[in-house]
Amino acid sequence: MNMEARVGVVVEGGQRALNSAHGAVVDAGARKFLQQQQQQQHEHSSKQGLNPQIGTVQQLLAGGIAGAFSKTCTAPLARLTILFQVQGMQSDVSALSKASIWREASRIINEEGFKAFWKGNLVTIAHRLPYTAVNFYAYERYKSFLQSTLCLENQRGKAGADLGVHFVGGGLAGMTAASATYPLDLVRTRLAAQGVGPSIAISFSVYESLRSYWQLQRPDDSTIMVSLACGSLSGIASSTATFPIDLVRRRMQLEGAAGRARVYKTGLAGTVRHIIHSEGLRGLYRGILPEYYKVVPGVGIVFMTYETLKMLLSSIPTGY
């Protein structure tokens, strides 16, 4: 009996050890599986938070509000930029060297008051709201279309493919928005499309590339701050590349106004040559500093507001 008891104890102890080892293996496997599932859910939630899916109405609303809010915040700098751009149309070219941002701002405040910086802002918003609404909506649609058409759905994250899609989609979105918001003014539409298409293409491609890289390196950073910073940098890049086109376009639009003699009679290329001849290469970038002061907060605010509104509106059920 003692031998049988000892054998029973040994067998029972061995069985417990086997059960314990088996349970430990099962528990480890279960924990690993649960950790993988939680990680996948976290990554999925993060992606949904960064690119929330919203309906058509919410997307148009987010884009429109973002553009109107940004324009209101940067209206004073926008007016200063325009003043510097058109100064080259003055007959007294020697007076151009005396101009400065603070001198012009002080002159406006002394002559017209502080509210003058927002003169015509409601008219600007009336244009900017539908423009940015169409711009962001068209960009999202063009991006999805290009990714599905070119079979890039499984290649997201590749820098070359993503950059091409963002650049082409942004350019098409900019031209679509310019055409949609200037349906009755064909000349202005044509001139605007020459500058808006490349500008939006560069802005969206730089923004998306910087944001993707940032989120890859620092995934826990605030989406709002990432959008603000990347949007500001994309604004600098697009303004630097397209500012001469915008300056030429604005001068051609204002030529002949208020009794001014017509100077630019040879189209876009002729206007560029005239500016370089009379003002030098620097003339093509006249007003670039206030433009930077405008786009750094302006474009950053647009993207930040748009991404924030997308996240907020994505929680609202929609049937659209």
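At what angle do H2 and H10 pack, and how far apart are their axes? In this predicted model, where local features need pLDDT of at least 70, side-chain atom pairs count only at pLDDT 80 or more, and totals for chains, interfaces and linings use all residues, the angle is about 150° and the axes lie 8 Å apart. Residues are numbered from 1 along each chain as its sequence is written, and side-chain values use heavy atoms, leaving out hydrogens and water.

Axes here are lines fitted to C-alpha atoms, for helices over the stretch in contact, with angles from 0 to 180 degrees between N-to-C directions. H2 is therefore roughly antiparallel to H10, a label for angles over 145 degrees. Helices are DSSP runs of H or I with at least four residues, numbered from the N terminus.

Let's look at who touches whom, with contact meaning heavy atoms within 4.5 Å. On the H2 side, the contact includes Gln 58, Ala 62 and Cys 73, while H10 brings residues including Gly 298, Tyr 306 and Leu 313. Not counting residues up to four places away in sequence, Ala 62 touches Tyr 306, Leu 309, Lys 310 and Leu 313.

Of its 22 residues, Ala 62, Tyr 131, Phe 136, Phe 204, Phe 303 and Tyr 306 touch the most other members. H10 gives this core its largest share, 7 residues. A second, separate core of 7 residues includes Phe 84 and Phe 117.

Methods: Core = buried A, V, L, I, M, F, W, Y, C linked by side-chain atoms within 4.5 Å. Buried < 20%, exposed > 50% of the residue type's maximum accessible area, 1.4 Å probe, protein only. Helix = DSSP H or I, 4+ residues; strand = E, 2+ residues; numbered from the N terminus. Parallel < 35°, antiparallel > 145°, perpendicular 65-115°, else oblique.
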